[in-house]
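I begin with the backbone and then move on to the rings, the charges and the helices.

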Amino acid sequence: MKFEDFKRKVNLKNVVVSRIENLINNGYSTEVIERTKLKLEQCSDHTFAKKCKGCGADYFVGSNSCNNRFCPVCAKKRSLKYLATLIPAFERYLKQGCTVHLLTFTMKNTNNFITGLDTILKAFRYLTNGNKYYANIFKFMFVGGVKSLEVIRGESDIKSYHPHLHCLVIKNKFTRDFDILKEFWNNSLNVVMGTQNEKLGSIDIVQVKNPNSKSNKQNLNDVRTGLLETLKYITKVEDIFNYDDEMLSNFINYSHNRRYVSVFGYLAKLSKALNEDLTESAKDQVGKVCKHCGCTEFEFISEFTNKIGPLEDFD
């Protein structure tokens with residue numbers, strides 16, 4: 001993360017803390033909400049730097065992290081980490097002739113946050129694991145991918161919740177997916193909700209493409225576009241703090257200990273790397289070169305006291 005971007009995210013984090021304080025003052029205090037506030041307050045209170053041994057220039061290399069999903073600083077770090085980990089993996093499959101597609105699974109709006117959350121996640125598990133026939137077809141169509149959960153307010157009824165899943169998936173051969181996936185997904189929602197033959201959800205599938213791309217063949221810019229769309233939820237945590245107090249309270253409490261981003265299929269082996277702690281260590285930013293004197297030797301400073309500068313970014 002660039003230092004100026006880091007400072008902006010810290011300022012935004014402070015706004016989020018103030019919003020949570022107002023939530024608590026308005027009578028919505030719970031253990032989860034109090035712990036969330038404490039974690040955010042302590043996040044990024046140590047700035048890490050590297051001092052060039054040649055000319056003494058100070059370079060920004062990160063900060064301590066709270067790893068909380070509602071922290072704008074950690075959300076930015078997490079998105080950068082996901083991109084750095086996932087793009088090389090997708091690149092390998094592109095070179096093998098695979099294609100990358102974006103699936104969006106939606107369901108009807110719900111007035112109950114936790115019910116909607118449980119329903120869409122259970123339906124996806126039923127589709128990809130619970131029903132063996134569905135699961136085998138899904139795995140044949142898509143050999144791996146990354147999934148993220150997004151919950152927004154309903155457009156016509158701002159008191160309702162609209163959960164949906166974004167999946168960036170890898171296909172190693174051409175198959176016609178839309179009609180059968182639409183049927184499987186709607187059936188999965190009916191099974192979870194205990195209904196029959198009701199229209200409960202929808203699905204969309206598109207081959208990802210960078211809008212500025214002039215090539216008919218997919219490349220890494222296309223994959224990056226798809227990943228940014230899939231992972232956008234973790235970089236827009238500030239959006240939910242426009243919710244009213246009740247919705248925000250529900251969101252923080254019911255999101256506790258739930259994983260909103262996961263990898264599956266061939267990409268499951270990356271799960272451990274994606275979920276490691278976000279706090280930088282002395283070994284991070286290795287192989288850097290001072291842009292002033294060309295020196296490659298640096299002293300790691302774990303508590304850089306002047307958080308507003310002067311700090312520079314490595315090229």
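**Entry 1: backbone angles in loops**

I looked up Asn67 and found that, at 29% relative accessibility, it counts as partly exposed, a class that lies between buried, under 20% relative accessible area, and exposed, over 50% (1.4 Å probe, protein chains only). I note here that this is a predicted model, in which local features need pLDDT of at least 70 and side-chain atom pairs count only at pLDDT 80 or more, while totals for chains, interfaces and linings use all residues. Residues are numbered from 1 along each chain as its sequence is written, and side-chain values use heavy atoms, with hydrogens and water left out.

Asn67 has a positive phi of about 65° although it is not a glycine. I place Asn67 in the loop between strand 2 (58-63) and helix 3, where helices (H or I, at least four residues) and strands (E, at least two) are DSSP runs numbered from the N terminus. Most residues other than glycine have a negative phi.

I then turned to Asn197, whose phi is near 55°, again a positive value in a residue other than glycine. Asn197 is found in the loop between helix 6 and strand 6 (201-207), and at 75% relative accessibility Asn197 counts as exposed.

**Entry 2: aromatic rings**

I took rings of Phe, Tyr and Trp (its six-membered ring) as a pair if their centres lie within 6.5 Å, with planes under 30 degrees apart called stacked, over 60 edge-to-face and the rest tilted. By this rule the count comes to 22 aromatic pairs. One of them joins Tyr133 and Phe184, which are edge-to-face at 5.9 Å centre to centre with 70° between the planes. Tyr133 lies in helix 5 (residues 132-141) and Phe184 in helix 6 (residues 178-193), so this pair ties together parts that are 51 residues apart in sequence. Of the two partners, Tyr133 is exposed at a relative accessible area of 52%, whereas Phe184 is buried at 4%.

How are the rings of Tyr134 and Phe184 arranged? Their centres are 4.0 Å apart and their planes stand at 20°, so the pair is stacked. With Tyr134 in helix 5 and Phe184 in helix 6, the pair ties together parts that are 50 residues apart in sequence. I also noted that Tyr134 is buried, its relative accessible area being 11%.

Elsewhere I recorded one aromatic cluster formed by Phe105, Phe124, Phe138, Phe142, Trp185 and Phe264.

**Entry 3: salt bridges**

I searched the whole structure for salt bridges (a side-chain nitrogen of Lys or Arg within 4 Å of a carboxyl oxygen of Asp or Glu), and the search finds eleven.

In helix 2 (residues 31-42) I looked at Glu31 and Arg35, which lie four residues apart, about one turn of the helix, and whose side chains meet in a salt bridge of 3.0 Å, N to O. Glu31 is exposed, with a relative accessible area of 63%, and Arg35 is partly exposed at 30%.

Lys37 and Glu41 also both lie in helix 2, four residues apart, and they form a salt bridge in which the closest N and O atoms are 2.8 Å apart. Here Lys37 is buried at a relative accessible area of 16%, while Glu41 counts as partly exposed at 35%.

In helix 3 (residues 72-95), Glu91 and Lys95 are four residues apart and so are separated by about one helical turn; the closest N and O atoms of their salt bridge are 3.8 Å apart. Glu91 is partly exposed, with a relative accessible area of 28%, and Lys95 is exposed, with 68%.

**Entry 4: helix 2 against helix 8**

Two packed helices are described by the angle between their axes and the distance between the axes. Axes are lines fitted to C-alpha atoms, for helices over the stretch in contact, and angles run from 0 to 180 degrees between N-to-C directions. For helix 2 and helix 8 (residues 245-254) I have an angle of about 85° and axes 9 Å apart. The two helices are therefore roughly perpendicular to each other, the term covering angles of 65 to 115 degrees.

The contact (heavy atoms within 4.5 Å) is made by Val32, Ile33 and Thr36 of helix 2 and by Ser249, Ile252 and Asn253 of helix 8.

Conventions: Angles under 35 degrees count as roughly parallel, over 145 as roughly antiparallel, 65 to 115 as roughly perpendicular and the rest as oblique.
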